[in-house]
Amino acid sequence: MLLVVAYSRAARQALRNSCSTHEDVVVRRFGRAVLLRETEYAAFVACRLRERFGTAVEVERTEPLNEYRDVPANVREAAAAYEARDSPSTSYAKFAAGADLPDPEAMRNAELKG
């Protein structure tokens, strides 16, 4: 997919107009950002905005996250356990301390594979 982010007011308006005109390439809208299908036409729309507004429009190629392929099982299990905790105000660091769960600092420095 293509992620298009508009930073100026004029670029945001043009992005909204492009999304309305070219709905067939829009996957999802997020206000000042949109995800476009990865097609040549969507790239044309994104490049046109970039050409018109320069650095006020950012375009990135993205890849969906497949949590079962890209995220280690112990991290998925830790997320599930943390969401099921008894006290919602407990930080993950305190929750994981002394438990058989991934260390938050180690996770911060570990790259995802995929």
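How close do the axes of helix 1 and helix 2 come, and at what angle do they cross? I started my notes with that pair.

I am working from a predicted model, where local features need pLDDT of at least 70, side-chain atom pairs count only at pLDDT 80 or more, and totals for chains, interfaces and linings use all residues. Residues are numbered from 1 along each chain as its sequence is written, and side-chain values use heavy atoms, leaving out hydrogens and water.

**Helix pair.** I looked up helix 1 (residues 9-21) and helix 2 (residues 40-53): their axes come within 11 Å and cross at roughly 160 degrees. Helices here are DSSP runs of H or I, at least four residues, and strands are runs of E, at least two. Axes are lines fitted to C-alpha atoms over the stretch in contact, with angles from 0 to 180 degrees between N-to-C directions. The two helices are therefore roughly antiparallel (over 145 degrees). On the helix 1 side I found Ala10, Ala11, Ala14, Leu15 and Ser18 in contact with Val45, Leu49, Arg52 and Phe53 of helix 2 (heavy atoms within 4.5 Å).

**Cysteines.** I checked for disulfides (cysteine sulfur atoms within 2.5 Å) and the structure holds 0. The cysteine sulfur nearest to that of Cys19 belongs to Cys47, 15 Å away. Cys19 counts as buried at 3% relative accessibility (buried means under 20% relative accessible area, with a 1.4 Å probe and protein chains only).

**Val34.** I found Val34 in strand 3 (residues 33-36), buried at a relative accessible area of 2%. Not counting residues up to four places away in sequence, Val34 touches Leu2, Leu3, Val4, Leu15, Cys19, Arg28 and Arg29.

Notes:
Angles under 35 degrees count as roughly parallel, over 145 as roughly antiparallel, 65 to 115 as roughly perpendicular and the rest as oblique. Buried means under 20% relative accessible area, exposed over 50%, partly exposed in between (1.4 Å probe, protein chains only).
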